[in-house]
Amino acid sequence: VEAVHLIADGKAPRIPQPTEGATYEGIQKKENAEISWDQPAAALHNWIRGHDKVPGAWTRIDGQVVTFYGSSLLDASVPAGQELAIKGASRPGLVTKNGLVVFGNDGKMVLVRNLQFEDGKMIPASKYFSADETAALELTEEEKKMAEDIR
């Protein structure tokens, strides 16, 4: 009650906050978010999720920086998939129908759902090897007529 009365009367002490150690910059920086692969799967998952969305946990794949988003621990048998060499990882990842499976140093697995490349393009991790493929859109006769009408 006394403190409220001091504030109401304009007599409350004002102690300036020290500026030492103060910062307005983001604490997490992209260069500090690189994934260290010599960890158990739970630590890898926590690292990826802890940096999801900003700044994004990243690693190098085929010489380019790839950022991982949306991880979960995978407690199942090793799924079928296409191997993907990841710089620093003791075991290659697997591109599966559900995403990219990476392995901790304990042999347990983490499933990563989305990948973002240096150019900003984001893809589902399951589409890593088909990312460069482009499918041509083929219209039926009815759709072609509708497209003409719209034009």
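Reply: Here is a walk through the ring pairs, then the charges over rings.

This is a predicted model, so to speak of local features pLDDT must be at least 70, side-chain atom pairs count only at pLDDT 80 or more, and totals for chains, interfaces and linings use all residues. Residues are numbered from 1 along each chain as its sequence is written, and side-chain values use heavy atoms, with hydrogens and water left out.

The structure holds three aromatic pairs (rings of Phe, Tyr and Trp, the last by its six-membered ring, with centres within 6.5 Å; planes under 30 degrees apart are stacked, over 60 edge-to-face, the rest tilted). One of them is Phe 117 with Tyr 128: centres 6.0 Å apart and planes at 35°, so it's tilted. That pair links distant parts of the chain, eleven residues apart, with Phe 117 in strand β6 (109–117) and Tyr 128 in the loop between β7 (122–124) and α3 (141–150) (DSSP runs numbered from the N terminus: helices are H or I, at least four residues; strands are E, at least two).

Tyr 128 also pairs with Phe 129, at 5.1 Å between centres and 90° between planes, so this one is edge-to-face. Phe 117 and Tyr 128 are both buried, while Phe 129 is partly exposed at 35% relative accessible area (buried is under 20%, exposed over 50%, partly exposed in between, with a 1.4 Å probe and protein chains only).

Now the charges. Arg 91 has its charged end over the ring of Phe 103, 3.7 Å from the centre (NZ of Lys or CZ of Arg within 6 Å of the ring centre and within 35 degrees of the ring normal). Lys 53 lies over the face of Tyr 69, 4.4 Å from the ring centre.
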